[in-house]
Amino acid sequence: MLNTLLAKLKESFASVLPITLIVLLVAHTPLVTLSVKQMLVFAICAIFLVVGIGLFNLGADLAMTPMGEHVGSGLAKSRRLLLLVSVCFVMGVLITIAEPDLSVLAEQVENAIYPKLLIGTVGVGVGLFLLLAIIKIVFKKDLSSIIIFFYMVLFMLGMLMISMGKSTFVPLAFDSGGVTTGPITVPFIMALGVGVAGAIGGRNANENSFGLIALCSVGPILALMGLILFSKGDLTYELSESAYSIDASLGANFLPTVARVAKEVIIALGLIVVFFAVLQFFVLKLTKTKLMQIGFGIIYTFVGLVIFLTAVAVGFMPIGFELGQQLAAMPRALVISGFVIGMVVVLAEPAVHVLNKQVEEITGGLVTKRSMLIALSVGVGISIGLSMIRLIYGFPLIYYLIPGYFISLGLSFFIPKLYTAIAFDSGGVASGPLTSSFILPLAIGACAAIHDGGDSILSYAFGIVAMVAMTPLITIQLLGFKAIVSRALRNRMMMRRIQDADDEQIIDFV
């Protein structure tokens, strides 16, 4: 166990080091001026981030992933479809309500929408689409056609919101889809899909196991759009800069922040444990050895997430806001910095490593963890750079989303369906805690400096999470296209060598 933990810590150190070095290096240039106190707090929080990610990843391997697989396979083997979808719906709602990423987003828009209402609406959206995703697996339906249909609905609703004068909330609606796939939700939902697909079997079991994250990212957008469309009166937004003060985070707000994070994680893990305990008693009947392993994994997950989210709230969110405000004075530097920070920030997302490991296992090494990580990094870097351009010039988010999703959906017709499912899952996973707690505050700080604050922040700063969720769809599918073309070229060269060889060479070859 100790060797495994050390390996996880080493992996998380390599993930966090790039973003830490970039921020500290930028702080020593004329572009940004940070106080010694700010840099010290950021560096200490980065160390805690390493520990938090390492413990979380270990906990995910020991508990979250096995729990999801056992729940999925156990319920699927029971052959009771109503029980399976009912449990998945309730689980999707409760896990989402307790997802820390969503709480971070809700707190940053509490002046516009009541946080509990936003969280509850998003939770129902995830529950309904997790139910739909399970039905897709059971009846072996095509993911691409489902995704195309619902994104067409999303764009129509977006246009309707614009025509009704509620365009400022379109970016927030799309952001809600990205933040729901956080560090607790992703390992469990992905493993749930693997368990259900494995129990049902079939020729395309591996392909069917992916796509749950993609569909669960669509539900919140539809649900929040519906809430905003049917809301009465005008919704407005007011920036509270004190929420991004590092002095406030370290002072009177430090212990409340730790307590709030611990409470959120306890609720999140508690809901999962209660559901699992009920299913264990009635359906699963796992051995004591497996239950003990899961128990230790839950403890590691709890400690890791509390450390991770506290470090993000105390050190990374205020520094992100400060960087955005200062870089806004130099638009070109803001775009370049956004691209570079976007490339490295995805390395520190805990759920990304869970996804990459599972993809490598499912594809038999055809898509390696390294290639996935590079594709995700490039995609997220491009998305942040483009978001900064939109923020500077102030044009609607839909100008990016419509062509971006048309390209990604178009690519789905030219590559195997497995890569499409992986790509759409990757989009949801890439937009994790650091996106909502570091990248989004950076955009809010820049928007507050460039524009006059207020609703302009909703219009131009928000939407960055949606961009982070979109661009990996294109880069991952291009990665899949490259892998398929490479395999076809290798097979063609091998056949050509065989055809050009004489009989003696063929015998030697065999």
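Predicted model: local features only at pLDDT ≥ 70, side-chain atom pairs only at ≥ 80, totals over all residues.
View 1. Arg260 is partly exposed, with a relative accessible area of 28%, where buried means under 20% relative accessible area, exposed over 50% and partly exposed in between (1.4 Å probe, protein chains only). The side chain of Arg260 meets that of Glu264 in a salt bridge, at 3.4 Å from N to O, the term standing for a side-chain nitrogen of Lys or Arg within 4 Å of a carboxyl oxygen of Asp or Glu. Glu264, at 14% relative accessibility, counts as buried.

Residues are numbered from 1 along each chain as its sequence is written, and side-chain values use heavy atoms, with hydrogens and water left out.

**View 2. The salt bridge between Lys8 and Asp61.** A search of the whole structure finds 2 salt bridges, and in the one formed by Lys8 with Asp61 the closest N and O atoms are 2.5 Å apart. Lys8 belongs to helix α1 and Asp61 to helix α2 (residues 36–77), so the pair ties together parts that are 53 residues apart in sequence. Lys8 counts as buried, at 14% relative accessibility, while Asp61 is partly exposed, with a relative accessible area of 28%.

**View 3. The surroundings of Ser12.** Ser12 lies in helix α1 (residues 2–26) and, at 1% relative accessibility, counts as buried. A polar atom of the Ser12 side chain lies 2.9 Å from the backbone oxygen of Val50. When its neighbours within four places in sequence are left aside, Ser12 is in contact (heavy atoms within 4.5 Å) with Val50, Ile53 and Gly54.

**View 4. The packing of helix α14 with helix α19.** Helix α14 (residues 331–345) and helix α19 (residues 433–450) pack at an angle of about 175°, and their axes are 11 Å apart. That angle makes α14 roughly antiparallel to α19, a description that applies over 145 degrees. From α14 the contact is made by Leu334, Ile341 and Val345, and from α19 by Leu434, Phe438, Ile439, Leu442, Ala446 and Ile450.

How values were computed. Helix = DSSP H or I, 4+ residues; strand = E, 2+ residues; numbered from the N terminus. Polar contact = N/O pair within 3.5 Å; in protein donor to acceptor, adjacent residues only side chain to side chain. Axes fitted to C-alpha atoms, helices over the stretch in contact; angles between N-to-C directions. Parallel < 35°, antiparallel > 145°, perpendicular 65-115°, else oblique.
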